[in-house]
Amino acid sequence: MPASIHFADLTSPRARALLDAGPAPVLLLPVGAVEPHGPHAPLGTDSIISTAICERAAVELAGDGSVRALVLPEIAFGVTRYSAAFTGAVTISEATLHAIIVEVCASLRAQGFRHQVIVNSHFEPAHVAAVRRAAADAKAGLLDPTRRAVAEQLTAEFRSGAAHAGRYETSVVLASRPELVEAETMRRLPAYQLDMPAAMAAGRTDFLAMGMDRAYCGDPAESSASEGEATLATLTRLLVALIREQVEAASGT
């Protein structure tokens with residue numbers, strides 16, 4: 001039987017064995033949110049994306065002689081105040097999100113799991129800030145697509161700031177969980193171009209104030225599984241590099 005890539009699938013003795021010998025274990029923590037993603041994409045889109053990136057990185061590293069990546073259960077709730085006017089938005093506070101991440105990482109570190117990497121795909125500013133603080137406090141790595149070095153390698157729509165439930169996110173869901181996308185609805189949606197970071201900087205604090213009366217921006221009708229696969233390949237490559245950096249930095253090489 002092939003080894004599982006999911007940490008929670010292991011028995012306690014098998015988890016312990018990871019620390020005794022073999023490749024260095026790196027635990028990947030997907031972080032997302034539960035919030036509306038237009039009339040076509042699932043509430044859990046952000047968590048789906050984070051988990052897909054982690055799973056693909058773990059599969060890519062399977063059989064590696066120096067590193068073994070395992071995916072932790074996702075943190076599926078985030079800070080989601082911008083979408084509060086829509087059914088399905090579930091928010092937690094920045095303090096709660098910070099505490100969950102820090103305490104999960106601390107619990108694992110106390111057992112001897114020294115390497116953790118957080119993967120976040122929910123980009124509300126208060127959420128991103130809380131995740132960044134938590135990663136620093138937990139001494140964990142962080143794959144953060146809002147950082148310029150990552151964003152510049154992603155799609156034109158993502159870089160434009162129109163990245164909520166549009167072509168970028170919907171394509172990734174089509175590549176990983178296509179059964180959850182309402183394709184007929186998606187194909188009928190008109191494009192709505194919006195620079196969300198600029199709108200936020202201008203003081204617009206919710207989707208409705210940004211003109212997102214259907215909880216999406218960008219061009220979801222142009223989404224495709226092939227684009228999603230390409231995006232996942234880019235993010236997986238970046239995550240694998242970050243995983244290796246974490247282990248090498250700890251070993252002093």
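**Figure 1. Surroundings of Glu124 in the predicted model.** Leaving out residues up to four places away in sequence, Glu124 touches Val79, Thr80, Arg81 and Tyr82 in this predicted model. Glu124 is found in the loop between strand 3 (115-120) and helix 4. The residue is buried yet has no salt bridge. The nearest side chain of opposite charge belongs to Arg81, 5.3 Å away; a salt bridge would require a side-chain nitrogen within 4 Å of a carboxyl oxygen.

**Figure 2. Lining of the largest pocket.** The volume of the largest pocket is about 450 Å³. Its lining comprises 23 residues, and those nearest the centre are Phe123, Glu124, Thr146, Pro197 and Met200. Helix 4 (125-138), helix 6 (156-160) and helix 9 (196-201) are the elements that give two or more residues to this lining. By residue class, the lining divides into 12 nonpolar, 5 polar and 6 charged residues.

**Figure 3. The salt-bridge network of Arg132, Asp144 and Arg147.** A network of salt bridges links Arg132, Asp144 and Arg147. Between Arg132 and Asp144, the closest N and O atoms are 2.7 Å apart. Because Arg132 lies in helix 4 and Asp144 in the loop between strand 4 (141-143) and helix 5 (148-151), this pair ties together parts that are 12 residues apart in sequence. Asp144 also meets Arg147 in a salt bridge, with an N to O distance of 3.8 Å. Asp144 is buried, with a relative accessible area of 4%. Arg132 is partly exposed at 28%, and Arg147 is likewise partly exposed at 45%.

Figure 4. A search of the whole structure finds 9 salt bridges, and one of them is shown here, formed by Arg16 and Asp20. The closest N and O atoms of this pair are 3.2 Å apart. Both residues belong to helix 1 (residues 12-20), where a spacing of 4 residues separates them by about one helical turn. An α-helix has 3.6 residues a turn, so residues three or four places apart point the same way. Arg16 counts as partly exposed, at 47% relative accessibility. Asp20 counts as exposed because its relative accessibility is 52%, the cut-off for this class being over 50%.

**Figure 5. Helix 7 and the elements that cover it.** Helix 7 (residues 167-176) is largely enclosed by the rest of the structure, because 8 of its 10 residues are buried. The buried residues are Tyr168, Glu169, Thr170, Ser171, Val172, Val173, Leu174 and Ala175. Among the elements that cover them are helix 2 (45-61), helix 6, helix 8 (183-187) and helix 10 (225-251).

Figure 6. Apart from its neighbours within four places in sequence, Leu61 is in contact with Val67, Ala69, Val240, Ile243 and Arg244. The C-alpha atoms of Leu61 and Ile5 are 9.7 Å apart in space, whereas the two residues are 56 residues apart in sequence.

Key: Residues numbered from 1 in each chain as written. Predicted model: local features only at pLDDT ≥ 70, side-chain atom pairs only at ≥ 80, totals over all residues. Heavy atoms only, no water. 1 Å grid on protein atoms, 1.4 Å probe; cavity = no way out; pocket = protein on both sides within 12 Å on 5 of 7 lines; lining within 4 Å. Points joined across faces, edges and corners; volume = space filled by probe spheres on them. Nonpolar A, V, L, I, M, F, W, Y, C, P; charged D, E, K, R; others polar. Buried < 20%, exposed > 50% of the residue type's maximum accessible area, 1.4 Å probe, protein only. Lys, Arg positive; Asp, Glu negative; His and termini not counted. Contact = heavy atoms within 4.5 Å.
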